[in-house]
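Subject: Handover of a structure and its findings

Dear colleague,

Please find the structure below, together with its sequence. A summary of the findings follows it, and I would ask you to read the two side by side.

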Amino acid sequence: MSEIADREYMAEALQLARRGLYTTAPNPRVGCVLVRDGRVIGRGWHVRAGEGHAEVNALADATSDTRGATAYITLEPCSHHGRTPPCCEALVAAGVTRVVAAMGDPNPAVAGRGLEHLRAAGIAVEVGLMEAEARALNPGFISRMERGRPFVRIKLAMSLDGRTAMASGESQWLTGPAARSDVQRLRARSCAVVSGVDTVLADNAALSVRAAELGLADADAIAARQPLRVVLDSNLRLRPPARIFAQPGRLVVATVNDEQRRWETLVDADAEVLRLPARDGRVDLRALLDWLGAQQCNEILVEAGARLAGAFWRAGLVDWLTIYMAPTLLGSGGRPLLELPLEHMREQQRLDIREIRAVGADWRIDAVPLAPGA
């Protein structure tokens with residue numbers, strides 16, 4: 001098989017994997033293409049945890065004999081018994097003679113064992129084709145496996161002059177319907193949405209995925225898998241009947257407060273109260289991420305004001321920034337994007353901008369933090 005053909009088939013496998021963008025968590029998004037005699041004979045992708053993996057689905061989809069076929073897979077086939085049998089064994093049993101994997105599996109339960117099983121069975125194995133694209137598809141799963149914590153994306157909205165709200169806190173609506181629909185899709189792909197109590201109270205925020213605003217064909221099914229909603233509330237000021245209590249899915253209030261009466265009010269409203277260690281009198285953000293990792297959260301979306309967003313940044317916990325910029329001016333008295341008390345140019349925080357694109361009348365900027373001195 002030529003290198004060009006290999007890339008074409010792997011690109012198709014990556015496209016298949018993207019179909020699980022909103023549904024596979026806590027599992028990774030994986031696609032598989034089976035090719036024999038220069039023709040695609042089977043396609044599959046992982047849809048949701050507990051159901052067939054991409055390789056098994058591709059084998060089931062095969063329109064002809066799979067003996068002698070090449071399997072293009074975006075992630076190393078699993079080698080352990082979980083809710084489904086090992087995929088590496090299924091490939092061997094199907095008579096596949098070559099496997100091209102975009103990347104190894106960072107899961108310690110696999111970590112090369114699937115590839116070793118294939119090689120031991122006499123299957124030719126190649127790893128690394130389009131690895132960067134495969135890693136970009138699963139930043140949260142990789143982060144949880146390699147660092148023990150979720151991938152942290154912070155979503156912010158600002159005016160052209162870098163303000164997020166008026167001095168009074170008034171901010172609705174800064175961006176337009178297309179940008180708000182885009183945010184719904186960010187929520188839908190996330191395992192958890194994190195915010196601060198100030199933002200929730202000021203905006204009467206729901207933090208839920210709303211099917212009507214997703215703009216996707218299978219919006220109802222996607223919205224049915226609501227992300228975990230986490231409100232950081234050090235002093236337990238959140239109270240029913242705030243809108244957030246009436247939303248579907250789990251609501252967790254993270255706090256450092258141990259006052260039993262305040263806890264009971266929240267528990268009676270079907271919220272979970274999570275007591276975490278304190279840092280400077282507030283919830284320790286690293287402890288929060290450790291807990292979210294233990295909850296098998298891959299990607300989290302932080303939707304918060306300048307204070308909490310700045311706290312994540314200062315703690316070095318931000319992996320990605322998604323900023324929506326509206327073509328408007330809020331003036332010099334408006335609230336800043338992040339609470340970062342910098343005084344000198346040498347302290348500036350530089351970013352690597354990955355993409356800028358129009359979203360309706362607004363602009364979306366995706367960027368990652370650069371290491372100091374980069």
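A salt bridge is counted here when a side-chain nitrogen of Lys or Arg lies within 4 Å of a carboxyl oxygen of Asp or Glu. Please note that the model is a predicted one, in which local features need pLDDT of at least 70 and side-chain atom pairs count only at pLDDT 80 or more, while totals for chains, interfaces and linings use all residues. Residues are numbered from 1 along each chain as its sequence is written, and side-chain values use heavy atoms, with hydrogens and water left out.

Salt bridges

Side chains of opposite charge can pair when their charged atoms come close. By the rule above, the structure has 27 salt bridges. One of them joins Arg153 to Glu299, with 3.1 Å between the closest N and O atoms. This pair links distant parts of the chain, since Arg153 belongs to strand β6 and Glu299 to strand β14, 146 residues apart. Helices (H or I, at least four residues) and strands (E, at least two) are DSSP runs, numbered from the N terminus.

Glu299 also forms a salt bridge with Arg29, where the closest N and O atoms are 2.7 Å apart. Arg29 sits in the loop between α1 (3-18) and β1 (31-36) and Glu299 in strand β14 (residues 299-303), so this pair ties together parts that are 270 residues apart in sequence.

Are these three residues buried or exposed? Arg29 counts as buried at 7% relative accessibility, Glu299 is buried at 2%, and Arg153 is buried with a relative accessible area of 5%. The term buried means under 20% relative accessible area, exposed means over 50%, and partly exposed is in between (1.4 Å probe, protein chains only).

A further salt bridge pairs Arg279 with Asp284, at 3.3 Å between the closest N and O atoms. Asp284 is buried, with a relative accessible area of 10%.

Cavity and pocket

Both terms rest on a 1 Å grid over the protein atoms alone: a cavity is a set of points where a 1.4 Å probe fits but cannot get out, a pocket is an open set with protein on both sides within 12 Å along at least five of seven lines, and lining residues have an atom within 4 Å of a point. Grid points are joined across faces, edges and corners, and a volume is the space filled by probe spheres set on the points.

How many cavities of 30 Å³ or more does a search of the whole structure find? The search finds 1. The largest cavity has a volume of about 60 Å³. Its lining includes Arg29 and Glu299, along with Thr24, Ala25, Phe141 and Arg189.

The second largest pocket holds about 800 Å³ of space. It is lined by 27 residues, of which Ala136, Pro139, Arg153, Arg189 and Trp320 are the closest to its centre. Helix α6 gives the most to this lining, with 5 residues. By class, the lining of the second largest pocket has 10 nonpolar, 2 polar and 15 charged residues. In this count, Ala, Val, Leu, Ile, Met, Phe, Trp, Tyr, Cys and Pro are nonpolar, Asp, Glu, Lys and Arg are charged, and the others, Gly among them, are polar.

Backbone

Most residues other than glycine have a negative phi, and most peptide bonds are trans. The peptide bond from Ala25 to Pro26 is cis, with omega near 10°, and Pro26 is placed in the loop between α1 and β1. The bond from Pro240 to Pro241 is cis as well, with omega near 10°; Pro241 is found in the loop between β9 (228-232) and β10 (251-255).

Leu236 has a positive phi, near 50°, and lies in the loop between β9 and β10. This residue counts as buried, at 0% relative accessibility. Asp270 has a positive phi near 70° and is placed in the loop between α11 (260-268) and β11 (272-275). At 69% relative accessibility, Asp270 counts as exposed.

Yours sincerely,
A colleague
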